[in-house]
Amino acid sequence: MGKPVALVTGSNRGIGFEVSRQLATRGYLVFMGARDAAAGELAAEKLRAEGLSVAPLQLDVASEESVAAARRRLSDEAGRLDALVNNAGVLLDEGVSGLEVPIETVKQTFEVNVYGALRVSQAFAALLVASGGGNIVNVSSIMGQLAYAGPGYLAYRSSKAALNMITRVLAAELKPQGVRVNSAHPGWIRTRMGGSAAPGKPEEGAAPIVWLATLGADGPTGGFFGPGNKALDW
Ligand SMILES: NC(=O)c1ccc[n+]([C@@H]2O[C@H](COP(=O)([O-])OP(=O)(O)OC[C@H]3O[C@@H](n4cnc5c(N)ncnc54)[C@H](OP(=O)(O)O)[C@@H]3O)[C@@H](O)[C@H]2O)c1
């Protein structure tokens, strides 16, 4: 058998870029999804320069056509998939109250954070199953925890809560086929989304995600985990 294969969405920068680096360092061939093909090329080139096995893959999670084309390409070029990391995400309602956030903003957020992750999971699940099982990691957030919700960020919080439900449903459906599905919270991480005041480095944010992406057959499924691989409340 050749190298295990991983797909990371939104991997041209931020946490997704670091997840790609860490998975490739662990021996995976990593398909680096990026909606902007040129940005994806540039990101893959950086990791190739470190001697890592990565391939850029044009993948806009909000586009059916893009997802279908990416599945055909990955299937043709690699023929298998062992780990899918639904990392691509947007935060569009910073500083806006839930009473005022435009419905259009909520829709745009769901298009990427919820439908995007589901669309990609539906497209690639059969390849994971055909490869003998594997891991899907949905990059979520403690902002989506129902137990501790506060004011603001209604679109982002709701999208991550919905993503967590997708984790639970797909985990139950894919368990018999040996595919584990978990949600990960990376911590508050210094990226374009996290901002410059965030305490964590992308390397730290990637750690629980990489742990879940590389679980073996005895690993957990249907869970929500954060920094230190600690289980989180929903
Ligand atoms: N940073 C934090 O503190 C933090 C905390 C909790 C959870 N998270 C989650 O971690 C994940 C990564 O966030 P980050 O901090 O690394 O953010 P980031 O630096 O803003 O990166 C977001 C990535 O998602 C991509 N993306 C956005 N829309 C996309 C689409 N339609 N199709 C494909 N890719 C798309 C972006 O691509 P472009 O470059 O083309 O825009 C970029 O690569 C997100 O799901 C986020 O919600 C982050």
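The coordinates come from a predicted model. Two packed helices are described by the angle between their axes and the distance between the axes, and the table sets out these values for two helix pairs.

| Helix pair | Angle between axes | Distance between axes |
|---|---|---|
| α5 and α6 | roughly 20 degrees | within 12 Å |
| α4 and α5 | about 25 degrees | 3 Å |

For the pair formed by α5 (residues 115-130) and α6 (residues 154-174), the crossing angle is roughly 20 degrees, and because angles under 35 degrees count as roughly parallel, α5 is described as roughly parallel to α6. The crossing of these two helices is right-handed. On the α5 side the contact is made by Ala117, Leu118, Ser121, Ala125 and Val129, while α6 contributes Leu163, Ile166, Leu170 and Leu174. Sorted by class, the residues of this contact comprise eight nonpolar, one polar and no charged.

Helix α6 itself has 21 residues and spans 30 Å from its first C-alpha to its last, which is close to the 30 Å expected at 1.5 Å a residue. Its buried residues are Ala155, Tyr156, Arg157, Ser159, Lys160, Leu163, Asn164, Ile166, Thr167, Leu170, Ala171 and Leu174. The buried residues of α6 pack against the helices α4 (103-113) and α5, and also against the strands β5 (134-139), β6 (179-184) and β7 (224-226).

The pairing of α4 with α5 has an angle of about 25 degrees, with the axes 3 Å apart, and that angle makes α4 roughly parallel to α5. Here the contact is made by Phe110, Glu111, Val112 and Asn113 of α4 together with Tyr115, Gly116, Ala117 and Arg119 of α5. By class, this contact has four nonpolar, two polar and two charged residues.

Gly116 lies in helix α5, and it counts as buried because its relative accessibility is 0%. Not counting residues up to four places away in sequence, Gly116 touches Val61, Phe110 and Glu111. Between Gly116 and Asp82 there are 34 residues of separation in sequence and 19 Å in space, taken from C-alpha to C-alpha.

Ser20 has its place in helix α1 (residues 14-25), and with a relative accessible area of 0% Ser20 is buried. Which residues is Ser20 in contact with, leaving aside its neighbours within four places in sequence? They are Val8, Ser11, Val30, Met32 and Leu47.

Note on methods
Residues are numbered from 1 along each chain as its sequence is written. This is a predicted model: local features need pLDDT of at least 70, side-chain atom pairs count only at pLDDT 80 or more; totals for chains, interfaces and linings use all residues. Side-chain values use heavy atoms; hydrogens and water are left out. Axes are lines fitted to C-alpha atoms, for helices over the stretch in contact, and angles run from 0 to 180 degrees between N-to-C directions. Helices (H or I, at least four residues) and strands (E, at least two) are DSSP runs, numbered from the N terminus. Angles under 35 degrees count as roughly parallel, over 145 as roughly antiparallel, 65 to 115 as roughly perpendicular and the rest as oblique. A crossing is left-handed if the near helix is turned anticlockwise from the far one by less than a right angle, and right-handed if clockwise. Contact means heavy atoms within 4.5 Å. Ala, Val, Leu, Ile, Met, Phe, Trp, Tyr, Cys and Pro count as nonpolar, Asp, Glu, Lys and Arg as charged, and the others, Gly among them, as polar. The expected span of a helix is 1.5 Å times one less than its number of residues. Buried means under 20% relative accessible area, exposed over 50%, partly exposed in between (1.4 Å probe, protein chains only).
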